Amino acid sequence: MNGSGSRIEIGALPGRPCSAAAALQVVGEKWTLLAVREIFFGNHRFEAIARNTGAPRDRLAARLRSLEHAGLVERRPYSERPPRHEYHLTEAGRDLAPVIRALLDWGARWVHEEPPVVMVHEPAATTDAESRGEDDGSHGHDLDTAWICRTCGEEVVRGSLTVDVRSPGWDRTGPASAPATP
């Protein structure tokens, strides 16, 4: 959903109707996800996003405009003279956090021997103590993510998922064949 609470308009896509294909239409380009990563990491100004992504400035500006148009980021002014804006994730943009975490986890497992970036989980007790100016000796730990089914509470493991295709005219293998005519 974009900032107005409505669905993002993307038009008809070729191939299987699929939410993954629709999502990739919005965020499936390298510089787009890297810009979201930087804003998620707390870098809100164009200069920092450009430096930390390595994106060409013109391409990054176009990607940020498209993210704003799609309702994933919003621009907030931080200077009137000269006019300057920061970029902040909207609810839809913040909902990409698991995607960023999954890419970090996958890259740490399959690309880097030592991950250059690690997500650290700060338990509520740690952050509550810190907000009171206390140090109870507990500190954050590297985040170890898992898929947990909200309905049954079980961890989702390989082999426990099936695909239920709900798009008319399609089944798991592709377009459903037309019934034979008598």
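Axes here are lines fitted to C-alpha atoms, for helices over the stretch in contact, and the angles between their N-to-C directions run from 0 to 180 degrees. On that basis the axes of α2 and α6 come within 10 Å and cross at roughly 105 degrees, which makes α2 roughly perpendicular to α6, a label that covers 65 to 115 degrees, with under 35 degrees counted as roughly parallel, over 145 as roughly antiparallel and the rest as oblique. The model is predicted, so that local features need pLDDT of at least 70 and side-chain atom pairs count only at pLDDT 80 or more, whereas totals for chains, interfaces and linings use all residues. Residues are numbered from 1 along each chain as its sequence is written, and side-chain values use heavy atoms, with hydrogens and water left out.

**Helix α2 and its partners**

- Helices (H or I, at least four residues) and strands (E, at least two) are DSSP runs, numbered from the N terminus.
- The contact between α2 and α6, where contact means heavy atoms within 4.5 Å, is made by L33, V36, R37 and F40 of α2 together with A97, V99, I100 and L103 of α6.
- By class, this contact of α2 with α6 has 7 nonpolar, no polar and 1 charged residues, where Ala, Val, Leu, Ile, Met, Phe, Trp, Tyr, Cys and Pro count as nonpolar, Asp, Glu, Lys and Arg as charged, and the others, Gly among them, as polar.
- Helix α2 (residues 30-40) also meets helix α4 (residues 57-70), their axes coming within 9 Å and crossing at roughly 75 degrees, and the two are therefore roughly perpendicular to each other.
- On the α2 side of that contact are W31, T32, A35, V36 and I39, and on the α4 side are R59, L60, R63, L64 and L67; these residues divide into 7 nonpolar, 1 polar and 2 charged.

- Of the 11 residues of α2, 9 are buried, where buried means under 20% relative accessible area, exposed over 50% and partly exposed in between (1.4 Å probe, protein chains only).
- The buried residues of α2, including the charged R37 and E38, pack against α1, α3, α4, β1, β2 and α6.
- Leaving aside its neighbours within four places in sequence, I39 is in contact with H44, I49, L64, V73, Y87, H88 and L89.
- In α3, the buried residues are F46, A48, I49, A50 and T53, and they pack against α2, α4 and β2.

**Backbone details**

- Most residues other than glycine have a negative phi, and most peptide bonds are trans.
- G54, which follows α3, has a positive phi, near 75 degrees.
- The peptide bond from R81 to P82 is cis, with omega near -5 degrees, and P82 is in the loop between β1 (73-79) and β2 (84-89).

**Cysteines and the segment before α1**

- A search of the whole structure finds 0 disulfides, a disulfide being a pair of cysteine sulfur atoms within 2.5 Å.
- C152 is in no disulfide, and its nearest cysteine sulfur, that of C149, is 3.8 Å away.
- R7 lies in the segment before α1 (19-27) and is exposed, with a relative accessible area of 61%.
- Although R7 and G71 are 64 residues apart in sequence, they are 9.4 Å apart in space, C-alpha to C-alpha.
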